[in-house]
Amino acid sequence: MYGMRFVNMALFTTKFVQRASLFVSFGGLVTTIITTFLPLWKTMNSDLNEMENWYEGLWHMCIYTEEVGIHCKAFESFLALPLDTLASRVLMCISIATGFLGVAAAFFGLQGVEIGAGRERMKRTLLILGGVFIVVSGITTLAPVSLMAYIMVVKFWDENLPDVMPRWEYGEAMFSAWFAGLLLVVGGAFLFVAVCMGDHEAKLRSKILALNQEQRPRTQHYSITEII
């Protein structure tokens, strides 16, 4: 039992939590970048022509047929985009930008990364700043995909539309966006946990140093009395 406690204490150190959080955050950032440019946010298959599959992303619309294969075309006008697509594109770009800033700040705040001697307070600030940016990146990833999902559900069950009219459904990119946003939020949150762990370890070190300083004069006094 004591051995298991020792193993857990050895694994869950501040250094380990920092690096694990950065790794999770970086994975969420890479997934967010890939998801942003995938044309698989929406998918539609018409019952009238089952040989065609339509796909739509934030930047392209694609059609797949067995004869031709897949053919994609970029949206021509930025202002002519639907409001949900326009908002999602802007939010995903903000997510990528804040994710890059957060990962960069958290990297230079890691223990073992040298940015100058006596810069512990600066490294702590970088970790907090990185955690804030990464959590914001996760929220701005979850917001657009959740908005598009809600709009698709509302339009899918719209009774005013005829039943034969095809409707957009969830594409694979939406699920990867949810996963990426979750990774970013978890990674950023655990950076705050690592900061709290570092503060706790600093307090323990200061207490140990204070106790050692209190014990040194006593031992010197005892040695003087013995000599006398």
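Predicted model: local features only at pLDDT ≥ 70, side-chain atom pairs only at ≥ 80, totals over all residues.
Me: What makes Cys-62 count as buried?

Reply: Its relative accessibility is 1%. Buried means under 20%, so Cys-62 gets that label.

Me: Why do Cys-93 and Cys-196 get the labels they do?

Reply: Cys-93 comes out at 35% relative accessibility, so it is partly exposed. Cys-196 is at 52%, and exposed means over 50%, so Cys-196 counts as exposed.

Me: Back to the strands. How do you know that β2 and β3 pair?

Reply: Two strands pair if there are at least two bridges between them. Strand β2 (residues 52–56) and strand β3 (residues 60–65) have 5 bridges, in the antiparallel sense, so they pass. One of the contacts puts Glu-52 with its bridge partner Thr-65 in β3. The two strands form a hairpin with 3 residues between them.

Me: What about β3 and β4?

Reply: β3 and strand β4 (residues 69–74) pair over 6 bridges, again in the antiparallel sense. Tyr-64 has Ile-70 in β4 as its bridge partner, and Thr-65 stands opposite Gly-69 in β4. A hairpin joins β3 to β4 through 3 residues.

Me: What makes β1 and β5 a pair?

Reply: Strand β1 (residues 42–45) and β5 share 2 bridges, antiparallel. At least two are needed, so this pair counts. Lys-42 has Tyr-170 in β5 as its bridge partner.

Me: Why are β4 and β5 called edge strands?

Reply: Start with the order. The sheet is open, has 5 strands and runs β4-β3-β2-β1-β5, with antiparallel pairing. β4 and β5 (169–170) each have a single partner strand, so one side of each is left without a neighbour in the sheet.

Me: What makes up the lining of the largest pocket?

Reply: The lining has 16 residues, and Gln-111, Glu-120, Arg-124, Gly-198 and Asp-199 lie nearest the centre. A residue joins the lining by having an atom within 4 Å of a pocket point. The pocket's volume is about 270 Å³. α2 (14–36), α4 (120–156) and α5 (172–227) each supply at least two lining residues, and α5 gives the largest share, 7. By type, the lining divides into 4 nonpolar, 5 polar and 7 charged residues.

Me: And which residues lie nearest the centre of the second largest pocket?

Reply: Lys-42, Met-152, Lys-155, Arg-167 and Trp-168, from a lining of 13 residues. About 200 Å³ of space lies in there. α4 gives the most to this lining, with 4 residues.

Me: Which residues does UniProt list as "transmembrane region"?

Reply: An unreviewed UniProt entry lists residues 20–41, 86–113, 125–153 and 173–197. In the model, residues 20–41 are 77% helix and 0% strand, with the end C-alpha atoms 29 Å apart. Residues 86–113 are 82% helix and 0% strand, and the end C-alpha atoms there are 39 Å apart. The label itself comes from the UniProt entry.

How values were computed:
Residues numbered from 1 in each chain as written. Heavy atoms only, no water. 1 Å grid on protein atoms, 1.4 Å probe; cavity = no way out; pocket = protein on both sides within 12 Å on 5 of 7 lines; lining within 4 Å. Points joined across faces, edges and corners; volume = space filled by probe spheres on them. Nonpolar A, V, L, I, M, F, W, Y, C, P; charged D, E, K, R; others polar. UniProt positions renumbered as here; feature names shortened; annotations may be inferred. Buried < 20%, exposed > 50% of the residue type's maximum accessible area, 1.4 Å probe, protein only.
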